[in-house]
Amino acid sequence: MYPKAKAKELFDKYQFVEIQNYSSKHEVKDCALIAVEEIIDYMTDVMKWDEETNGNILYWEEVKDEINLL
């Protein structure tokens, strides 16, 4: 899935989660960004570093950039 499509998918998932006092677009973006940061942190800290891992991290960094553009 392209980063832009993944960003939209994550944003849409959090947009419909009913969390008390978390309904603005800004807060939805923050939730999606937290999820992406957790993925990047896990990949950086736990996974064996190789070209595939680096490519995956770059993918998630692009997803993060796309979320910020929403």
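Ala-5 is partly exposed, with a relative accessible area of 38% (buried means under 20%, exposed over 50% and partly exposed in between, with a 1.4 Å probe and protein chains only). This residue belongs to helix H1 (helices are DSSP runs of H or I with at least four residues, strands are E runs with at least two, and both are numbered from the N terminus). The C-alpha atoms of Ala-5 and Glu-66 lie 8.6 Å apart in space, although 61 residues separate the pair in sequence.

The model is predicted, so local features need pLDDT of at least 70 and side-chain atom pairs count only at pLDDT 80 or more, while totals for chains, interfaces and linings use all residues. Residues are numbered from 1 along each chain as its sequence is written, and side-chain values use heavy atoms, with hydrogens and water left out.

The protein chain holds three helices and zero strands, giving the order α-α-α from the N terminus on. Of its 70 residues, 27% are buried. Among contacts (heavy atoms within 4.5 Å) with a separation of 6 or more, 59% join residues 24 or more positions apart. The chain exposes about 5200 Å², and carbon and sulfur atoms supply 53% of that area (areas come from the Shrake-Rupley method with a 1.4 Å probe; for residues, only the protein chains shown count as cover).

What makes up the largest nonpolar core? It has 11 residues in all: Ala-7, Leu-10, Ala-32, Leu-33, Val-36, Ile-40, Met-43, Ile-57, Trp-60, Val-63 and Ile-67 (a nonpolar core is a set of buried Ala, Val, Leu, Ile, Met, Phe, Trp, Tyr and Cys residues joined through side-chain atoms within 4.5 Å). Helix H1 (3-15), H2 and H3 each supply at least two residues of this core, and H2 gives the largest share, with five. Ala-7, one of the core residues, is in contact with Val-63, Glu-66, Ile-67 and Leu-70, leaving aside neighbours within four places in sequence.

Helix H2 deserves a look of its own. Met-43 has a relative accessible area of 6%. Beyond its neighbours within four places in sequence, Met-43 contacts Thr-53, Asn-56, Ile-57 and Trp-60. Its C-alpha atom is 8.7 Å from that of Asn-54, which is 11 residues away in sequence.

Not counting residues up to four places away in sequence, Asn-68 touches Lys-29 and Leu-33.

On the surface, Tyr-42, Val-46 and Met-47 form a nonpolar patch with about 290 Å² of accessible area together (patches are made of residues with over 30% relative accessible area and no salt bridge, with like charges joined within 9 Å and nonpolar side chains, namely Val, Leu, Ile, Met, Phe, Trp and Tyr, within 5 Å; a salt bridge is a side-chain nitrogen of Lys or Arg within 4 Å of a carboxyl oxygen of Asp or Glu). Val-46 sits in the loop between helix H2 (25-45) and helix H3 (51-69), and is exposed at a relative accessible area of 54%.
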